[in-house]
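Me: I should like to learn how to read a structure feature by feature. Could you take me through one, giving the general idea before each case?

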Amino acid sequence: MTATVDLEARPGSMAGSRYGEHTTRIARLNAASLRRVIEPDADVPGHIGDGAVVPRELMAVADLDLDLTDEQWVKLGREELAAVVDSGIRFETLLMSGFAELIAYAERMDDERIVYMLHEIGEETRHSRLFVRLIRQLGPEAVNPFARRLPNLVFRTVSRNLIHRPAPLCILVLAGEEIPDLLQKKMADHPATDGFIRDVSRYHRMEEARHLAFARTVLPELWERAGPVDRVLVRRVLPTVVRTMFDGLVHPGVYRTVGLPGWATWRAVAASPSRVALRHEATRPVLAALLAAGVLSPGRVPVGWRRLCGVGTDGEPTTA
Ligand SMILES: [Fe+2]
Ligand SMILES: [Fe+2]
């Protein structure tokens with residue numbers, strides 16, 4: 001089966017004729033998605049091992065000098081990983097909701113962008129099913145305080161308001177894919193990571209690379225149509241949302257499973273040097289995409305983005 005490639009952006013399509021080059025690029029992504037459809041239940045079989053799943057230096061608590069038994073380190077590693085994977089499912093399903101809405105209200109359906117979003121939704125549902133499998137194998141016990149009533153209400157309110165705004169959605173997609181991409185790269189490259197987790201990381205990163213390419217391609221188109229509220233949200237609010245996303249990957253309940261104080265450990269992790277460095281490293285490609293798309297301008301990077309990414313007004317790193 002080969003992709004049907006329409007290289008011309010059509011008048012009235014999501015893109016408009018100015019973006020023919022983007023359409024060509026997206027048509028190539030469609031062809032790549034079709035070339036090999038990976039069904040994780042059949043193509044990524046396997047099982048997480050019983051012991052440590054991630055090396056201590058890659059754990060959120062790496063800098064905290066904790067006095068834990070080997071058994072507690074194993075437990076904490078598994079709980080941390082389960083929490084990150086849980087966040088991944090929530091993120092992917094919000095992405096799918098946002099894309100589904102974009103498709104439902106599009107001006108036309110005969111556009112490569114529509115085809116690609118359908119491919120991406122298909123790929124994300126397969127990733128999320130694999131993630132559910134991982135969580136079942138890890139068997140976490142942690143209770144997530146962010147899933148309780150009030151924090152959950154805030155999460156729902158903020159996410160529902162953002163996902164039907166195409167430009168902010170696209171930037172959240174970039175952030176939500178760059179952050180796990182870096183985590184998974186570090187896990188896939190480390191010999192002490194569980195072998196199955198390394199396989200999963202490689203498979204997921206391969207498909208996410210296309211998703212990132214799509215988001216970077218359509219961002220200038222979506223930004224051109226962004227309204228004043230979208231623009232304020234992107235400049236002033238999204239850095240806080242992305243920071244919350246990053247710090248929320250491992251929730252305080254994880255630390256309680258090995259007898260540590262939940263919130264105090266969570267705050268110490270968020271401020272720890274390796275975690276701050278990881279946040280900077282993971283979010284700088286998002287900022288680079290915003291600068292490349294003309295969403296933000298060098299010399300005028302808003303303070304929230306500067307703090308999130310550890311950069312100056314021109315977007316250049318201020319820390320190593
Ligand atoms: Fe994914
Ligand atoms: Fe993705």
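This is a predicted model: local features need pLDDT of at least 70, side-chain atom pairs count only at pLDDT 80 or more; totals for chains, interfaces and linings use all residues.

Me: Are Glu92 and Glu208 buried or exposed?

Reply: The term buried applies under 20% relative accessible area. Glu92 counts as buried because its relative accessibility is 3%. Glu208, at 4% relative accessibility, therefore counts as buried too.

Me: What coordinates the iron ion (ligand 2)?

Reply: The iron ion (ligand 2) is coordinated by Glu124 (OE), Glu177 (OE), Glu208 (OE), Glu208 (OE) and His211 (ND1), at 2.0 to 2.5 Å. Along the chain these donors follow the spacing E-x52-E-x30-E-x2-H. Here the pair Glu177 and His211 links distant parts of the chain: Glu177 belongs to helix α6 (residues 166–189) and His211 to helix α7, 34 residues apart. Both Glu177 and His211 are buried.

Me: Which residue bridges the iron ion (ligand 1) and the iron ion (ligand 2), and how far apart do they lie?

Reply: Glu124 bridges the two iron ions, which lie 3.7 Å apart.

Me: Let us turn to helices. Why does the span of helix α1 (residues 20–35) agree with what it should be?

Reply: One compares the span that the residue count leads one to expect with the distance between the helix ends. At 1.5 Å a residue, the 16 residues of α1 should span 22 Å, and the end C-alpha atoms are 23 Å apart, which agrees.

Me: Which residues of α1 are buried, and what covers them?

Reply: The buried residues of α1 are Gly20, His22, Thr23, Ile26, Ala27, Leu29, Asn30, Ala32 and Ser33. Their cover includes α4 (112–138) and α7 (195–224).

Me: At what angle do α1 and α4 pack?

Reply: A helix pair is described by angle, axis distance and handedness. The angle between α1 and α4 is about 35°, and their axes are 9 Å apart. The crossing is left-handed. On the α1 side, the residues that meet α4 are His22, Thr23, Ile26, Ala27, Leu29, Asn30, Ser33 and Leu34. On the α4 side they are Glu112, Arg113, Val115, Tyr116, His119 and Glu123.

Me: How are α3 and α6 oriented to each other?

Reply: An angle over 145 degrees counts as roughly antiparallel. The axes of α3 and α6 are 11 Å apart, and the helices pack at an angle of about 150°. They are therefore roughly antiparallel to each other, and their crossing is left-handed. The contact is made by residues including Leu81, Val84 and Phe91 of α3 and Pro166, Leu169 and Glu177 of α6. Glu177 was also named among the residues coordinating the iron ion (ligand 2).

Me: What is the case for helix α8 (residues 228–247) and helix α11 (residues 273–292)?

Reply: Their axes come within 11 Å and cross at roughly 125°. That makes α8 oblique to α11. The crossing is right-handed. Val242, Arg243 and Phe246 in α8 meet Arg275, Leu278, Arg279 and Thr283 in α11.

Me: Where is the place of Ile135, and is Ile135 buried or exposed?

Reply: Ile135 has its place in helix α4. With a relative accessible area of 18%, Ile135 is buried. Leaving aside neighbours within four places in sequence, the contacts of Ile135 are Ala82, Val85, Asp86, Ile89 and Pro140.

Notes. Residues are numbered from 1 along each chain as its sequence is written. Chains are lettered from A and ligands numbered from 1 in the order in which they are written. Side-chain values use heavy atoms; hydrogens and water are left out. Helices (H or I, at least four residues) and strands (E, at least two) are DSSP runs, numbered from the N terminus. The expected span of a helix is 1.5 Å times one less than its number of residues. Buried means under 20% relative accessible area, exposed over 50%, partly exposed in between (1.4 Å probe, protein chains only). Contact means heavy atoms within 4.5 Å. Donors are N, O and S atoms within 2.8 Å of the metal (3.2 Å for Na, K and Ca); water is not among the atoms, so sites may look incomplete. Axes are lines fitted to C-alpha atoms, for helices over the stretch in contact, and angles run from 0 to 180 degrees between N-to-C directions. Angles under 35 degrees count as roughly parallel, over 145 as roughly antiparallel, 65 to 115 as roughly perpendicular and the rest as oblique. A crossing is left-handed if the near helix is turned anticlockwise from the far one by less than a right angle, and right-handed if clockwise.
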